[in-house]
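Welcome! Take a moment to look it over, and then follow the points below.

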Amino acid sequence: MTNSDLPNKFRSIFDTTETPRTFFAPGRINLIGEHTDYNGGHVFPASISFGTYALAQKRNDQKLRFYSLNFPSIGTIECDLADLDYNEAHDWANFPKGMIHYMKESGLQITTGMDILFYGDIPTGAGLSSSASIEMVTGVLLEGLFDLNIDRVKMIQLGQKVENDYIGVNSGIMDQFAIGKGKKGHAILLNCQTLAYNYAPIELADHVIIIINTNKQRTLAGSKYNERRVQCEQALANLQTALQIKGLGDLTKEQFEQQKHLITDETNQKRAKHAVYENLRTVEALQQLQQANLEAFGQLMNESHKSLQLDYEVTGIELDTIIQAAWDQPGVVGARMTGAGFGGCAIAIVEIDKVDSFKNNVNKIYRGKIGYEASFYTAAIGDGARELTEGVY
């Protein structure tokens with residue numbers, strides 16, 4: 001489907017002759033800084049060109065009608081503006097419903113119902129944050145339709161509240177922040193505790209970012225994620241017997257190396273080492289990109305993956321196979337897993353004229369070892385959630 005078809009789809013589905021307003025929120029990738037957010041550190045995400053479109057118009061009554069072109073078999077989902085409680089039967093529509101609920105609850109004047117058509121081109125199951133994209137496109141849609149004055153960070157925090165309290169997923173704020181505050185050609189160095197942030201220019205020149213989906217179901221991710229959090233909390237508690245720190249992200253390499261003997265469990269010491277060193281890599285990444293040093297940034301990506309493989313142990317054979325294959329290809333500046341691990345996605349920065357051979361060679365190696373294919377997507381770094389003017393898609 002081309003995006004220019006969407007207004008006609010809207011008119012057909014909602015039986016109207018009106019032209020709706022169009023809004024867009026991207027997906028996101030995390031370039032470096034994995035498993036640092038809950039350890040008091042930084043993350044380094046960027047918003048991408050794939051995302052969620054929402055076309056909407058106000059109604060004259062209190063009815064809300066939602067339709068997704070990604071789930072046509074579900075049909076139109078309806079509810080009333082006065083009844084925005086979570087409803088399992090409303091499936092995907094609970095994400096925009098939750099956003100409307102919390103924006104209303106925060107005192108914003110949402111006075112009438114709406115017809116809203118959603119369409120997402122984020123690759124399914126790729127871990128590029130489609131749920132946060134739906135939340136943030138709903139936020140900017142409400143802001144636009146009802147002429148609301150809402151601070152963007154406040155909107156981002158309401159999106160996280162939808163995930164945590166309405167849907168019931170204990171996720172951090174990175175996804176909504178990257179999507180809500182994304183900037184074309186830039187990544188964001190974000191302190192997840194203070195929400196202080198800096199933009200870093202990504203000058204790719206003759207390179208592109210390739211997202212590689214392992215197509216492996218991440219069955220272990222939840223339980224292993226919780227296990228890693230506990231291990232880091234135990235390591236932090238050991239260090240706090242001698243150090244005045246709030247999180248592992250407060251430490252320098254020198255402080256960690258001097259005091260790591262306090263961490264009595266060898267495995268916990270490895271987990272803490274990753275959290276400390278990975279956080280420092282994010283800060284160095286900002287500095288290198290500000291100097292347009294893409295090669296140095298690529299090296300930081302490679303070091304990040306090795307740390308996630310050997311110290312944090314969250315990669316697995318699928319991701320390691322893809323990354324080793326990527327490292328072995330000409331024209332690759334750097335590559336690493338991205339996301340929680342145990343499947344999901346990897347990213348690589350590749351010379352444009354080597355992309356076809358890169359995909360073919362990596363996929364051949366992956367299929368030969370794992371038994372099925374990976375999927376490849378070229379990601380441009382675009383702006384964050386916004387209204388699209390007529391004719392701009």
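Let's start with Met114: setting aside neighbours within four places in sequence, this residue is in contact with Gln57, Lys58, Arg59, Lys63, Leu64, Arg65, Ile100, Leu141, Leu142, Leu145 and Phe146. Keep in mind that this is a predicted model.

**The nonpolar cores**

- Met114 belongs to the largest nonpolar core, which has 48 residues.
- Met114 is among the residues with the most contacts inside this core, along with Phe66, Ile100, Met103, Ile110, Leu141 and Leu142.
- Helix α3, covering residues 130-145, gives this core its largest share, 8 residues.
- There is also a second, separate core of 40 residues, and Tyr312, Ile323, Met337 and Phe376 are included in it.
- As a general background idea, nonpolar side chains in soluble globular proteins tend to be buried together.

**A four-stranded sheet**

- Look for an open sheet of 4 strands, arranged in the order β9-β10-β8-β11 with antiparallel pairing.
- Its edge strands are β9 (332-338) and β11 (375-379), and each of them pairs on one side only.
- On average, neighbouring strands of this sheet are turned by 25° against each other, ignoring direction.
- Strand β8, made of residues 207-213, is joined to β11 by 5 bridges, and the two run antiparallel.
- Helix α10 (residues 317-327) lies across β8, β9 and β10 (345-351), and runs at about 175° to β9.

**Thr16, in a loop**

- You will find Thr16 in the loop between α1 (6-13) and β1 (21-32).
- Is Thr16 buried or exposed? Thr16 counts as buried because its relative accessibility is 18%, and the cut-off for buried is under 20%.
- Not counting residues up to four places away in sequence, Thr16 touches Phe10, Arg11 and Gln57.
- Gln57 is also one of the residues in contact with Met114.

**Ala237, in a helix**

- Ala237 sits in helix α6, which spans residues 221-239.
- With a relative accessibility of 39%, Ala237 counts as partly exposed, since that class lies between 20% and 50%.

Note on methods:
Residues are numbered from 1 along each chain as its sequence is written. This is a predicted model: local features need pLDDT of at least 70, side-chain atom pairs count only at pLDDT 80 or more; totals for chains, interfaces and linings use all residues. Side-chain values use heavy atoms; hydrogens and water are left out. A nonpolar core is a set of buried Ala, Val, Leu, Ile, Met, Phe, Trp, Tyr and Cys residues joined through side-chain atoms within 4.5 Å. Buried means under 20% relative accessible area, exposed over 50%, partly exposed in between (1.4 Å probe, protein chains only). Contact means heavy atoms within 4.5 Å. Two strands pair if DSSP finds at least two bridges between them. Axes are lines fitted to C-alpha atoms, for helices over the stretch in contact, and angles run from 0 to 180 degrees between N-to-C directions.
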